[in-house]
Amino acid sequence: AQDLDIAFVSNERFEEPASLSLRAAREACGNEPFLLLMADHVLSVPIIAGLLAASAVSEPSVSFVAADRATHGAEYTSEATKLGLAPGPAPQRVTSIGKLAESWTALDCGASLLAPAIWSAVDAVPEACELSIIFTEAARRGQLFAADVSGAFWHDIDTIDDLADAERLMATQSEA
């Protein structure tokens with residue numbers, strides 16, 4: 001087992017775009033790679049393990065987003081953040097990211113392992129923007145790759161119905 005340092009950082013402007021929360025964490029993260037996990041996602045251990053494994057064999061300037069290639073219903077994918085990936089062997093470079101991406105091959109599970117190089121992408125975009133804008137800039141620089149975690153359990157919870165679905169799915173997972 002590996003010890004993890006966990007830091008909680010407050011963002012006084014939490015009602016504004018998510019880039020401000022990432023910016024608020026900058027000092028706490030320093031010059032070390034760090035996990036960025038969406039608070040409204042339920043994530044299983046294999047997702048975090050997949051990110052850590054992918055980063056262990058990569059260049060220090062590369063960041064990873066957990067990517068799921070599994071089939072999900074249109075109702076679920078309509079709200080999900082989609083990933084366009086370059087062809088080739090793993091790890092595949094992310095070519096596009098966003099909820100409105102037209103051409104995509106995987107879904108963003110809501111977990112990323114970010115290298116300190118991400119801060120240059122943060123500095124290059126507007127202060128208050130969605131995380132996908134920052135990730136798009138990192139992808140443009142060739143610094144964002146997909147860690148394939150297809151088959152690992154995760155669920156995005158945006159509504160009461162999503163919460164009920166997650167509870168049902170988690171019960172099924174624990175029975176398996």
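**Chat about the fold and its core**

Modeller: The protein has 7 helices and 8 strands, taken as DSSP runs numbered from the N terminus (helices H or I, at least four residues; strands E, at least two). This is a predicted model, where local features need pLDDT of at least 70, side-chain atom pairs count only at pLDDT 80 or more, and totals for chains, interfaces and linings use all residues. Residues are numbered from 1 along each chain as its sequence is written, and side-chain values use heavy atoms, with hydrogens and water left out.

Biologist: How many residues are in the largest nonpolar core?

Modeller: That core has 26 residues, and Phe34 and Ile134 are among those with the most contacts inside it. A nonpolar core is a set of buried Ala, Val, Leu, Ile, Met, Phe, Trp, Tyr and Cys residues joined through side-chain atoms within 4.5 Å; buried means under 20% relative accessible area, with a 1.4 Å probe and protein chains only.

Biologist: Where does the largest share of this core come from?

Modeller: Helix 6, with 5 residues.

Biologist: OK, which residues of helix 6 are buried?

Modeller: Leu131, Ile134, Phe135, Glu137, Ala138 and Ala139. They pack against helix 1 (19-24), strand 1, strand 5, strand 6, helix 5 and strand 7.

Biologist: And what follows helix 6?

Modeller: Gly142, with a positive phi near 75 degrees.

Biologist: Back to Phe34, what does Phe34 touch?

Modeller: Leu22, Cys29, Ser112, Leu113, Leu114, Ile118 and Trp119, leaving out residues up to four places away in sequence. Contact means heavy atoms within 4.5 Å.

Biologist: New topic: how much of the protein is buried?

Modeller: 40% of the 176 residues.

Technical notes
Buried means under 20% relative accessible area, exposed over 50%, partly exposed in between (1.4 Å probe, protein chains only).
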